[in-house]
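Reader: I am new to this structure. Please show me how to read a few of its features.

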Amino acid sequence: MHACGAAFIRCRQGVWMADAPLLRLEHVSREFGAPASPWARITGQLRGRAASQVVHAVSDVTLQIDAGEVVGLVGESGCGKSTLGRLAAGLLAPSGGRVLWQGEDLAAMSDEAQRAARRALQLIFQDPFAALNPRMRVQQIIGEAPVVHGRIARGEQRAYVASWLARVGLGADALARYPHQFSGGQRARIGIARALAMEPQLLICDESVAALDVSVQAQVLTQLMQLQRELGLACLFISHDLAVIRHVSDRVAVMYLGRIVEQAPAAQLFAAPNHPYTQGLLAAAPTLQPGRRTFVAIQGELPSPLAPPAGCAFHPRCPHAMPRCRQQRPVLRAIAPDHWSACHLNDA
Ligand SMILES: Nc1ncnc2c1ncn2[C@@H]1O[C@H](COP(=O)(O)OP(=O)(O)OP(=O)(O)O)[C@@H](O)[C@H]1O
């Protein structure tokens, strides 16, 4: 037991971790839109349409992130990644389940504790240009929140911001400039500096480099991950790009139509993907691997989250679908140490 009263159980990447995970989503769901009226539901059923107009963006997701850990969240566009990121950041309330920050339910915290949790949890967005106020100079963009939240005095702002700019590879000449005066890669670095200047414990990066050219992406990612290691930050890294996820993640969660279908340490997931969807994603990803020059797209499209298929949501696209897959939803279960998959094939 540590002197402060918290039990510390292990050291990961130089960071001592308390026994409660930093962030845990527990059976979290999020729906959008109102249910259709009873009359519309009946007529819809008679016409074979969706019974309601509810978008099931995230359904029954349990995911945790430990201190210093990078969890990659991957899946096709529309599968619910951003919604899950916003739930994790406390920007969206779950329709069901709980979001626990250091073991405490975010929704049940006092206002002050909630504000502290939100400060410790920073988001980096996909489009660095849209995310930066075009009328503010960089000093204000990065330095305003730390002043408002009392981390630094206003008189310290210039030096404080300059130190963060240096850490992301930008000079002090950036301080007085506006976002439009920078390249995409530089704006991404400003967005990173803005998040880090709040000295968070967890970064949520939602497609943070997707808008950049591939070579710039690699530079920004390398710098971001170096800072993540130096600062011992935890990170939820959201991307549709498997190469990016593979590069940054300790652990990977694969999402399909609102649910996690597979979760494993990154090396394990890429070496021995279990779920047919993960296998399909890997087969569809371009590779420079010798001997595998072709890639095979997963057949069909992501079904509508307005009417998720019965049974396993992947069954209409799965090359191995069995009658059971059309009726019964497989649950996530351990198939190897720390490796979870939701597929009936594992019962065969
Ligand atoms: N505010 C909202 N109102 C209604 N539907 C929404 C809302 N936000 C998201 N959705 C729907 O929820 C589903 C999941 O969206 P989400 O943006 O989380 O997916 P995503 O995997 O992040 O996709 P992308 O990579 O394209 O951003 C989609 O069908 C989307 O249209």
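Predicted model: local features only at pLDDT ≥ 70, side-chain atom pairs only at ≥ 80, totals over all residues.

Reader: Does α5 pass α6 in a left-handed or a right-handed crossing?

Author: The crossing is right-handed. Residues are numbered from 1 along each chain as its sequence is written.

Reader: Which residues of α5 and α6 make the contact?

Author: From α5 come Q139, I142, G143, P146 and V147; from α6 come Q157, R158, Y160, V161 and W164. Contact here requires C-beta atoms, placed from the backbone, within 7 Å.

Reader: At what angle do α5 and α6 pack?

Author: Two packed helices are described by the angle between their axes and the distance between the axes. Here α5 (residues 138-148) and α6 (residues 157-167) pack at about 115°, with axes 9 Å apart. Axes are lines fitted to C-alpha atoms, for helices over the stretch in contact, and angles run from 0 to 180 degrees between N-to-C directions.

Reader: Which way do the residues of strand β8 point?

Author: In a regular strand the side chains alternate between the two faces of the sheet. In β8 (residues 121-124), L121 and L123 point one way, Q122 and I124 the other. All are buried, with 20 or more other C-beta atoms within 10 Å of their own, C-beta atoms being placed from the backbone.

Reader: In which sense do β8 and β9 pair?

Author: Parallel, over 4 bridges. Pairing takes at least two DSSP bridges. L121 has L202 as its bridge partner in β9.

Definitions and conventions. Helix = DSSP H or I, 4+ residues; strand = E, 2+ residues; numbered from the N terminus. Left-handed = near helix turned anticlockwise from the far one by under 90°. Contact = placed C-beta atoms within 7 Å. Buried ≥ 20, exposed ≤ 12 C-beta atoms within 10 Å, placed from the backbone.
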